[in-house]
Amino acid sequence: MSISYDDIGQHLRRIVISGRLDQPATDAVAEQLAVLVAEPKNSVVVDLSALRFLASIGLGALMTSAKAVQQRGGKMVLVVNPGSSVGMSLEATGVDELIPVFKTSADAEKAAVA
Amino acid sequence: MPSMLRLQIPTDFEALAAGQTSVRDFLAAAGVQQRCIEALDVVLEELGGNVVRHARPTDGTMALGVEVRSDCVLVTVEDSGAAFDPVTAPLEAPAASLAEARIGGLGLRLIRRMTQALAYERVDGRNRVTASFQRS
């Protein structure tokens, strides 16, 4: 389980979460994720294309992050591999209708800064 | 020919994660399709997580059972903690927007959407949840 980020220009932060986002892993990264999305970048892309597992605890962490970004006037979007189990979890819970989901980083970045 | 696995594990998240690994390995060796394994893995996380967080059985253990059949896989989660029925527990209406959305309550939705069938019984002070997953 790992979390990393890079900043693109002044306004865009791309966060990459990979591995399995189960309970122990979410506990380990929740604080880091909160710090990373608190940075006043208006556009946040969370890339889940290397994530292999997402359940309710991880969905909760993503929702918390997206709400925090929205509350400070920004926008958070996700990158998800089509047909993946991560996509399945987002779709089954309707979270894909609350946080925009894209198949590629390019599309996600374009949408996040729009 | 049915193929079965049964594990008795402590009710903590590290043991649950190790149990999930054993279940995934078992299912892969039994030739179960990856998509089925992934759905089952998520539901096991939710059912097992509910036992760790809420049921708190006094003996500190839960039992995981997996049975591979030709057309489906059955998973059972048993514990002796507080009663909780995931079949009839009320589901919150989906939020209309991110701003209105509550954090939480998604586990039950995942369990119901990802299973072909779900059953609950409470016998002699033990919860038993059985979930079935279609093999396709």
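Me: What is the bridge partner of A:Ile3 in β2(A)?

Reply: That partner is A:Ile17. This is a predicted model, where local features need pLDDT of at least 70, side-chain atom pairs count only at pLDDT 80 or more, and totals for chains, interfaces and linings use all residues. Residues are numbered from 1 along each chain as its sequence is written, chains are lettered from A and ligands numbered from 1 in the order in which they are written, and side-chain values use heavy atoms, with hydrogens and water left out.

Me: How do you know that strand β1 and β2(A) pair?

Reply: Two strands pair if DSSP finds at least two bridges between them. Seven bridges join β1 (residues 2-8) of chain A to β2(A), and the two run antiparallel, so they pair by that rule. Strands here are DSSP runs of E with at least two residues, helices are runs of H or I with at least four, and both are numbered from the N terminus. The hairpin of β1(A) and β2(A) has three residues between the strands, and A:Gly9 takes a positive phi near 70 degrees there.

Me: Which strands run parallel to β2(A)?

Reply: Five bridges join β2(A) to β3 (residues 43-47) of chain A, running parallel, and in β3(A) the partner of A:Arg14 is A:Val45. Three bridges join β2(A) to β4 (residues 51-54) of chain A, also parallel, with A:Leu51 as the partner of A:Gly19.

Me: What makes the β-α-β unit right-handed?

Reply: A crossover is right-handed if, with the strands pointing away from the viewer, the path from the first strand over the helix to the second runs clockwise. The unit made by β2(A), helix α1 (residues 23-38) of chain A and β3(A) is right-handed.

Me: Why is A:Thr26 called buried?

Reply: Buried means under 20% relative accessible area, exposed over 50%, and partly exposed in between, using a 1.4 Å probe and protein chains only. A:Thr26 has 5%, so it is buried. This residue is in helix α1 of chain A. Leaving aside neighbours within four places in sequence, A:Thr26 is in contact (heavy atoms within 4.5 Å) with A:Leu21, A:Ile57, A:Gly58 and A:Ala61.

Me: And why does A:Thr93 count as buried?

Reply: At 7% relative accessibility, A:Thr93 is under the cut-off, so the word applies. A:Thr93 sits in helix α3 (residues 85-93) of chain A. Apart from neighbours within four places in sequence, its contacts are A:Leu59, B:Leu106, B:Arg109 and B:Leu110.
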